[in-house]
Each structure stands twice: as structure tokens, then as C-alpha cells.
Amino acid sequence: MTSCVLCGIVTDSSKAPVVYEDDRVMAILLEEGVVSGHIRVFPKKHSQFIDEISEDLAEHLFLVANVSSSVLFEALGLGGTNIIMSNLASDDNSHMFIDVIPRRQDDGLNLQWEPKKLPEQDMIEAQNRIKDAAFMISYVAPKTKVVNLDEKKLPVMKEDKDNYLFKQLKRLP
Amino acid sequence: MADPTPEEQEEMIKQQCPFCRINRKEIPSKDVYADDKIMAVLDINPAAKGHTVVFPKDHHMLLPQIPYETFSHMFRKTAKLCGVVRKAMLAQGMSIFIASGGAAGQQAYHFTMHLIPRDKGDGLFQSGIKKITPEEIMKLKAPLMQHITARVVQAYKQAGKQPPNVKQQANQEEQLMNLLNANPQIRDLIIQDPEKFKSILPQNPQLAQLFDGMNLEELANFLKKKTAGDQR
């Protein structure tokens, strides 16, 4: 993906002020951000959705975001931070990222949503739709016993005078 | 009556905390997922249909207070849950929103994380973007990098896990060499008169940052040898 800005920074880290980098994850200070100290954390590998990367990488991304948030909080003497991940518009295959935004009392930023009240029917419908799929998250496939046919000895039938299977073969018509 | 001990206070908070009460089923909720460590319910005042709130069952107020084991579990499951909500609600995208501190809009004394189905043009999380001055960036970059890197490594070590392979030192040195190669006059000044260079450092915060804690005599000797080697 040549046109992706974040992939460009991964290839050439001098393009942006990097504040954290390891083999899988990078964090930069935004030169055009909501406020000074706005950090963007992203995976080096181009991915669009958080559920499409490994659980391990998802956890690591949020660990870096959490640490960045704590460091900003202490270094800048903040009143709080927001950690926001947004994946939007599945058609443009944008590179996923997590923003860490320094917040101060009465900073005039509006990152809160308008609380809605949905009809009970809609809430129940949403609950059912999510719940029906969500139980799979913790599903662990039961271990199936694999039978190795090469090792397992099949019972060998010996000619036995008392065995009726053989007896009937020898029966005279 | 004697003042309550910190333990008693915590117990009182847990008794009243709405999310602890949801966990104890004292408050009805539209639960969508639960396991031994975390729980997810629908937000009663959603930003969009399917807006889900994820929280640890144990009472923790802020993200940094959550023990590593729960933290790890929570984000692994949340990543998957995010995909589940997106697909179940046929949303174009998803947002994960965390507010820490009152100034950031944290309303509950229990850590919560919002999973919000997104659609193009829903107008959520749009805040004006402004240009940050290069001086601001320079001032923040080095100290942030140093602390973030150290704390990420520390977090993994405390959890008894192998820390990631971080890049820091190389970058700083690289940056310095790039600067010296691009500005031969600075290099010459360091070689000829390190003392004078030291005296002009405070006038330039960008340079002061880069040369912070550096032994200039050593650097001058190193550069002398290097330029001599280059000329040969």
C-alpha cells in the first residue's frame, strides 16, 4: 500500500516524530492534531480492523496506548486523557490506529456523543444480535481424541474351534 | 463515629458503584457478553444502536490500575467483541472510546470502555485539527519517547513477559548524525571549540534537547577521528 501515510512512516521513520517503536508497533506525535501532545499508536503491518489482527497485537497496541496516556498525564499535568480507536468506512481499507488525546478541564474539545434513547424493541434486537454472536468469543473447541490407526492394533481373529463364526463355515450342507 | 478505613471506604464504593451492581445483578442490564473477568452490556443512552460498554468485573477506576492479567484478557476479548458488534449491527466501522479523568468525560468511578458502531457521516469524535508548532513537538518528543519506551518495557517485565524489541538509542544517535551531516558548521564548531558550542546550546532548545546529557569533549574527539578517516 504505497499511498498509506502510516505505512510511509513505518518505511521511513524520519517522516514523523516517533515517540515509540518496536518490531510490531509505532507511536508518533501528530504534527496536526487535536491538541499538542496528541499521540497516534498503530501497528506496523497495514490492517484495517482490530478484530482482524492477532489478539496478542491488539493487547500490545492498547498497552502502548495506555502507557502513552499515563506518561502524557504525568508529563503535561493533565486533567485526563481520551484513548480512541476508530475504524471507519470498510471500503477505503484505511490503516487502523489508536489516538491518545491529552485533556484539560474546560479545554473546549467535544469528544462526547449525544446520548440517545432507543425504543425498547431496538435495544432488545441489538442485544440479541450481539449476544448470539458474542458467546463464540470464549468458545474453546473441545479436544477431540485422535485415533492413530497405524498404532492401534486391530483384533486379529484366530481360528478357534469354539468360535461360531468359524464353526458355521465348516458346517456341512 | 470513627472515620472509615480505606478498605471500608473501598467496600462502600463497591456497594454503590453502578457497574459493580450490574455485575452483582442488582441492576438489570442488557448483557451481551460475560466471562470470569469482564462483562459487556448495552449502553442505556447509546450513541448508536448496538453501543456496548465493556468493563472489568473487579472494581478499578482507571486503566493503569487494572492488573496485567485482567488488562490483557480484557483487550484480547474486546478486539474480538468489536468485530462481533460490527458484523452483528452491519456497521461500516467501529470506535473504541476510553475516557480517563473527569476532564476527559469519565462519568463513572468504574473503568469502562465504549464500543460504538460507526457509519459514515455520523459526526462522532470530530474535533478541530490544528497545526502543532515544531517547537512544541521537539520539546515533547525526546522525553516522551524515553518514558514511554521505559514504561512499556517495565510493564512487560512486571508481568513476567518478554519485553518487545524496542528502538530508541539508535534513533537518537541517527538523528544526531543526520543533523551533523546536514550542518557541517555545527560539526566544525564542536570539533574546534566544544566549550563555545556548549555556551550557545541554551539559546537553541532544539539543539539543547538533542545534546542533553552528552559529553561534548568525547563527541569532539569522535568527530575529529571520523573526519580524519573520511579525508584519508
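By contact I mean heavy atoms within 4.5 Å. On that criterion, 79 residues of chain A and 84 residues of chain B take part.

Some conventions come next. This is a predicted model, in which local features need pLDDT of at least 70 and side-chain atom pairs count only at pLDDT 80 or more, while totals for chains, interfaces and linings use all residues. Residues are numbered from 1 along each chain as its sequence is written, chains are lettered from A and ligands numbered from 1 in the order in which they are written, and side-chain values use heavy atoms, with hydrogens and water left out.

Let me turn to area. Buried area is the accessible area (1.4 Å probe) that two parts lose on being put together, summed over both. For chain A and chain B this comes to about 7400 Å², with 61% of it on carbon and sulfur atoms. Within chain A, the residues that lose the most area to chain B are Glu59(A), Trp113(A) and Ile130(A), together 10% of what that side buries.

A salt bridge here is a side-chain nitrogen of Lys or Arg within 4 Å of a carboxyl oxygen of Asp or Glu. The rule finds eleven salt bridges across the interface of chain A and chain B. Asp56(A) and Arg76(B) meet through their side chains in a salt bridge, at 2.5 Å from N to O.

Which elements supply the chain A side? Helices (H or I, at least four residues) and strands (E, at least two) are DSSP runs, numbered from the N terminus. Among the elements that each give at least two residues to the side touching chain B are helix 2 (55-76), strand 5 (80-87) and helix 3 (120-134) of chain A. Helix 2 of chain A gives the most, with 16 residues.

Strands are said to pair if DSSP finds at least two bridges between them. Strand 5 of chain A runs antiparallel to strand 4 (residues 93-100) of chain B, joined by seven bridges. In this pairing, Ile83(A) stands opposite Ile98(B).

Finally, chain B itself. Strand 2 (residues 38-42) of chain B pairs in the antiparallel sense with strand 1 (residues 31-34) over three bridges, and with strand 3 (residues 52-56) over five bridges. Tyr33(B) stands opposite Ala40(B), and Met39(B) stands opposite Phe55(B).
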